[in-house]
Amino acid sequence: MSDLEKFITALPKAELHLHLEGSLEPELMMELATKNNIELPYQTIDEIRKAYDFSNLQDFLDIYYQGMNVLQGEEDFYALTMAYLEKVSGEGVVHAEVFYDPQGHTSRGVPFAEVTNGILRALDDGREKYGVSSELIMSFLRHLSEEEAFATLREAEPWFDGRIIGVGLDSSELGHPPSKFQRVFAAAREMDLLLVAHAGEEGPAAYVREAVELLKVDRLDHGNRTLEDTALTETLAQSGMTFTVCPLSNLKLCGVPDMKEHPLRRMMDAGLKVTVNSDDPAYFGGYMTANFLSVAQPLDLSKEDIAQLCRNSIAGSFLTEEEKSVHIAAIDQVLLHPWNC
Ligand SMILES: Nc1ncnc2[nH]cnc12
Ligand SMILES: [Zn+2]
């Protein structure tokens with residue numbers, strides 16, 4: 001392990017943008033396909049990995065929805081979630097606010113309760129076993145209708161007692177602006193849920209503006225294209241909005257041609273509160289450490305820059321102020337540690 005990798009791993013951090021279904025590694029996919037008698041269009045792990053060659057978001061989503069078909073029962077969602085927590089606990093992740101796509105499962109006949117309870121049980125066990133605290137956010141698939149999102153919101157109500165803390169918006173962005181879900185998000189806000197949305201990943205800055213002004217999100221997922229609107233950038237820098245940026249995802253989905261062109265550094269320089277996350281690590285080639293490493297050298301990030309990205313992740317999380325100060329003090333301790341000087 002390089003010194004830089006050691007440093008990144010040692011820094012306490014929160015992951016704020018992770019789709020649990022995107023952490024389904026080919027090995028587990030094969031295992032669950034066999035167990036559940038699901039036919040995959042691949043014979044080997046190698047073949048699966050070779051299929052992960054994407055030109056855009058939709059290319060990826062087609063494979064992602066196909067992959068999640070192997071998840072059939074509560075135990076499968078439990079195994080998926082535990083595998084993720086085990087992996088990131090070794091990378092300095094002390095807190096994770098994870099997404100899942102219930103409509104991707106209920107549409108295949110897997111009951112909402114099985115999916116949700118399997119994930120929640122793993123989050124509880126993972127907290128004990130790996131020391132990673134967590135929260136669960138339910139995402140609406142934006143290529144589906146407003147009516148279907150409302151039906152999902154209603155179905156999830158029994159879990160709004162603190163088990164599902166918020167709602168998000170993901171899937172095919174272009175042609176499905178945030179405004180399509182304005183009334184759903186207003187209803188979620190009335191229920192005291194926290195609100196996040198993918199915006200400005202492929203879509204224009206106008207979609208970021210809609211997510212902020214119409215959906216009234218508490219946090220923005222991706223938001224890379226915000227920089228195309230200077231006034232909006234200034235407003236969001238002033239308001240302290242947190243952005244959950246995913247470098248390897250952007251590279252794999254051809255949002256950037258090269259990491260040297262990645263907007264992360266420009267976003268930081270514009271005063272935006274940026275964080276680094278993995279999005280769909282099983283599909284994009286790496287978890288948290290890999291994402292930090294992927295931009296560290298191309299964007300010439302200093303150790304202080306990297307530590308600030310970690311502080312932002314804690315500050316931008318939905319932890320209490322007390323919990324945040326404990327983690328931020330621990331980040332400062334790593335910076336002071338002699339092996340790092
Ligand atoms: N990067 C991404 N963008 C939109 N929807 C997603 N679902 C899973 N990963 C996604
Ligand atoms: Zn995402």
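Q: Where does helix α16 lie, and at what angle does it run to β8?
A: Helix α16 (residues 303-315) lies across β1, β7 and β8, at about 100° to β8. Contact requires C-beta atoms, placed from the backbone, within 7 Å. Axes are lines fitted to C-alpha atoms, for helices over the stretch in contact, and angles run from 0 to 180 degrees between N-to-C directions. Helices (H or I, at least four residues) and strands (E, at least two) are DSSP runs, numbered from the N terminus.

Q: What kind of model is this, and how are residues numbered?
A: This is a predicted model, in which local features need pLDDT of at least 70, side-chain atom pairs count only at pLDDT 80 or more, and totals for chains, interfaces and linings use all residues. Residues are numbered from 1 along each chain as its sequence is written, while chains are lettered from A and ligands numbered from 1 in the order in which they are written.

Q: How many strands form the sheet, and in what order?
A: Eight strands form an open sheet, ordered β1-β2-β3-β4-β5-β6-β7-β8, with parallel pairing. The edge strands, β1 (13-15) and β8 (273-276), each pair on one side only. Two strands pair if DSSP finds at least two bridges between them. On average, neighbouring strands of this sheet are turned by 25° against each other, direction ignored.

Q: What about β4 and β5: how many bridges?
A: Strand β4 (residues 164-170) pairs with β5 in the parallel sense over two bridges. Val167 stands opposite Leu195 in β5, and the bridge partner of Gly166 is Leu194. From β4 the chain crosses through helix α9 (residues 182-190) to β5 in a right-handed β-α-β crossover; that is, with the strands pointing away from the viewer, the path from the first strand over the helix to the second runs clockwise.

Q: And which residues of β6 face Ala197 and Ala199?
A: Ala197 stands opposite Leu220 in β6, and Ala199 has His222 as its bridge partner. Four bridges join β5 (residues 194-199) to β6 (residues 219-222), and the two strands run parallel. The chain passes from β5 through helix α10 (residues 205-213) to β6, again a right-handed crossover.

Q: Changing topic, what surrounds ligand 1?
A: The residues around ligand 1 include His19, Asp170, His198, Glu201 and Asp280. A residue is near a molecule if its C-beta atom, placed from the backbone, lies within 6 Å of it.

Q: What does UniProt record for residues 12-332?
A: The unreviewed UniProt entry annotates them as "domain: Adenosine deaminase"; positions are given in the numbering used here, feature names are shortened, and annotations may be inferred rather than shown by experiment. The end C-alpha atoms of residues 12-332 lie 10 Å apart, and the span is 49% helix and 14% strand.

Methods
Contact = placed C-beta atoms within 7 Å.
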